[in-house]
Amino acid sequence: MTTLFHRLRHLLRRSRHDADLREEIEAHRALRQDAFERDGLSREDAAHASRRALGSVALAADDARDVWAMRAVESVWQDLRIALRGLRKSPGFAVVAIATLALGIGANTALFSIFSGLILRPLPVRDPGSLALLLNGTWSYPIWQEIRAREPELFDGAFAWSAQRFDLSSRGQTEPVDGAYVSGQLFDVLGVTAIRGRMITPSDDGGAATDGPVAVISSRLWRQRFAGAGDVVGRRITVQRVPFTIVGVMPPGFFGPDVGRMTDVMLPFSAEPLIRRQESRLASKSSAWLQIMVRQRPGRGLEQTNAALRAAQPQIIEGATWSRAREPLTLAPAATGNSSLRSRFETPLFAMVVAVGLVLLVACANIASLFLARALARRRELSVRLALGASRSRIARLLLIESLIVAALGAAIGLAFAKWSGALLVQQLSTWQTTVSLDLALDWRVLAFTAALACLSAIIAGVAPVLGLKSVAPGDAIKDAGRGIAGDRRFAVRSALVVAQVAVSLVLVVGAGLFLRTFASLNQLPLGFVPGPLLVAELNLQASGGPPEERGARVERLRAAAAAVPGVRSATVAAERILNGGGWSSGLVGIGDAQPSLRRPALWLNATTPGWFETMGTPLRIGRDFQDGDRLGSVPVVIVNDTFVRRFLPGEPPIGQHVRIGRDTATRYEIVGVVGDAVYATPRDGMVATMYFPVAQQQPKTFWPTVLLTINAAPGQRAAVERDVMRVLTEADPTVAFTFGTFDQLVEATVTQERLIAMLSAFFGGLALLLAGVGLYGVVAHAVRARQTEIGLRMALGAAPSNIVRLVFQRVGVLIAAGLALGLGGSLWAVRFVETLLFQQEPRDPMMLAGAAAVLVAAGVLAAWMPAWRAARLDPATVLREG
Amino acid sequence: MGLTNTPSDLLPGTLELLILKSLVSGAKHGYGIVEHLRLASDEVLRVGESALYPALQRLLLNGWVKAEWGASENNRRARYYTLTAAGRKQLAAERAEFDRMVGAIQQVLTT
């Protein structure tokens, strides 16, 4: 132990130590000289004799020094210096290699950090391993109360929360942030403590807390909205137009139990009735809106906990109306938290991680090829080193250290690139109404991944030159200088690399083609309306605090105000925001006198004001639109679309038919019109059967808390219209909260994921193609250069330039053909993993594969053309003279 | 003159043992150690520098001696080696081991 310590200290203070040693030996010699002089020798002879007696000072010092040295470390250090010097001598090579790797490793790290943040990283809370989530989905507040009552005997703690989108504005346009209602135990169970003030506690659940309505905010919100003010505790914050007192700030890094969201504002459940008032869901046994997480008791397995929970299930779910509540209650490990994004993005993310990994492989192959070319160009130097006694393994180590330096530098730059590009990618996932926020901290997982990538790249890039080195013998390089002829085995390694590159690139190009076409087909889907001129404003009517009964009149007032703005062609209202992936539907449909019966898929529902179809650009086929006369008390009427007619009333005249839906069997709706089809939840579903009610016939007690104001504005005036409409809306109803957007944004939001995948895969495919092209160019150019004697000879013997070009292309053709064959096999095998991500694509479409192959062949021909052309223009006389 | 008695002529570890022993009587520099060994052995043991300095470095490495710069008798700068406590202990141990070894060799030679 002390020895090692001494050695290390020696390593650090080596130069001082060496000087000491030299001086000491010189002193020794001087003392001996003194002795010789005392014995009667002349000064000069004494000096001479003492030197002779001592032998070589350098050798003695070396021997003495060797006692200390950790041989391996010293020689590696030496290799490092040689390698760095070598790289500095060819800056062009170094820059290209490092930049390629930085891009490759950076892109990999970026995707992996997203993958890790979303799927692998445990919640940043105390002992995340013992957390468990109640599957599957959301539960009612009474169920939560039942579970909480059983917490002492079943769990080591339990909490519930409900993710919400909160509006922080006090008037007019909304300022949405992600928030949540949470039960008082949440912070205690997770072991999260406030950095300012206090967190929400069980005493807040009662609603009668001494501070009044309380809220805790994230450190991000504290920094951004309150500029990190020291007196933030006690300040006011308006949430959904209700004032709250901030009682604490959550620690940085804590984002709540939902991964992918940054929960900026947390309110106790007792705040929900203040915001939703009469429509509070706290007492409702039928609405499922919160999630439940528990901490398992130490020493008790999940099986046991589940069994205990199920034993109490009948009491827990008492009164719940949904069928899900009757399935056995199941807790699942939730160390990584809860995330709705996970199931959505797991497959595409994985596909992209693989794709970007393949790009890195192609890049590594290029760098390996570069290194190999460099090693061969340095044959002379290397064989001299061998001749001077360097061992073969030492040379191999030198080459590996070079590639390791390149990889390490590439990885360091790549990390910075990853930090930036990862954030950019996550940003792309956010849409008009959902914000995706992911903690992309470079934790040990990401760093380990990057380090592993760097090592792997170094090995892949470094092994090729080592293999290529086999052909180098001491003194050998001095004999031959670029006289290779066809069949030289030195090119075998590089050729194999090029074949691999072509194969991998083909797989990536096929993937890019499939995803691009998926995105294109989704974009070309008929919508059934014309989104171009449409502006939308989501109106939140709940914020005013007025009873639901007043909402119908308020909506009409707001609609009329918007319609009167110059530039507005029409302004109408719909109850449902379409294209958000879900909506209002009924599985029970009865036609004519028939009782409603279960239908799959369910019938989509919406409610509109008169003129909505015209505003949307959806044609009215027969019958009439809603009119002002359709109101409460008049005959209940509905409008249906073409698909509805085809599905429920085939071959019958639809007008005048009656429809009943849901459990309300008393109300019969009369069909008064038929409109063209339009998409509803998402364009992927295609045209779906839809039925529309008049907004004016909605029961006042159950009037929607939010509606969608749809405005058809003249093109070019959008900005002005938006500004004016905002103004008149606030004038007409100062309490309304609204969020503006365009219908184009709504349409775009339905293909966010596909757009991102298409963009990424196109980028990766293009990159791989470029890298493969460069690799091919390099190997052909190198082969031509090495074979120029042979080529010159052939030309001298009468070969025409076209023959030479053919010669070169034959070689390239073999490489490409081999690569394509491998790549085709790989593609056919690999598409199975991405099939679920495709839309309206035949994954093994021969045309598609042929197209991708053609792209690669074109790239290959392009890459080989330059060197081939140069070969054909060689002057045989010069070449032969030089050779 | 010349270099005699390189380490391979001695039993392994003997040179270190001799150096440690020669330091018992007080701090010495390298040349002093050589002279001490030469005189104390009636000119039989002449230790070469190429053996001495590596051995001294090994002793330093193990922490058995300390080295300090000082002035020599005729006012040259020289590096003086002193025994450490660990060195003394080592000396005792090696000495016992050496005695055992020599005894064993004697026994073999006399039978």
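In chain A, A:Leu769, A:Ala772, A:Gly773, A:Leu776, A:Tyr777, A:Val780, A:Ala781 and A:Val784 from α26(A) meet A:Val855, A:Ala859, A:Gly860, A:Leu862, A:Ala863, A:Ala864, A:Met866, A:Pro867, A:Arg870 and A:Ala871 from α29(A). Contact here means that the C-beta atoms of two residues, placed from the backbone, lie within 7 Å. Sorted by class, the residues of this contact come out as 15 nonpolar, 2 polar and 1 charged. For the classes, Ala, Val, Leu, Ile, Met, Phe, Trp, Tyr, Cys and Pro count as nonpolar, Asp, Glu, Lys and Arg as charged, and the others, Gly among them, as polar.

Before going on: this is a predicted model, where local features need pLDDT of at least 70 and side-chain atom pairs count only at pLDDT 80 or more, while totals for chains, interfaces and linings use all residues. Residues are numbered from 1 along each chain as its sequence is written, and chains are lettered from A and ligands numbered from 1 in the order in which they are written.

Back to those helices (DSSP runs of H or I, at least four residues, numbered from the N terminus, with strands being E runs of at least two). Helix α26 of chain A covers residues 752-786 and helix α29 of chain A covers 846-872; they pack at about 25°, their axes 9 Å apart. That angle makes α26(A) roughly parallel to α29(A). Angles under 35 degrees count as roughly parallel, over 145 as roughly antiparallel, 65 to 115 as roughly perpendicular and the rest as oblique. Axes are lines fitted to C-alpha atoms, for helices over the stretch in contact, and angles run from 0 to 180 degrees between N-to-C directions.

B:Leu18, B:Ile19 and B:Ser22 of α1(B) meet B:Ile33, B:His36 and B:Leu37 of α2(B). This contact has 4 nonpolar, 2 polar and no charged residues.

How far to trust it all? Chain A averages a pLDDT (the predictor's confidence in each residue, from 0 to 100) of 85, and 94% of its residues score at least 70. Across residues 481-487 of chain A, though, pLDDT is below 50, and this stretch has 11 contacts in the model beyond near neighbours in sequence. Chain B averages 82, with 89% of the residues at 70 or above. For the complex, the predictor gives an ipTM of 0.81 and a pTM of 0.73.
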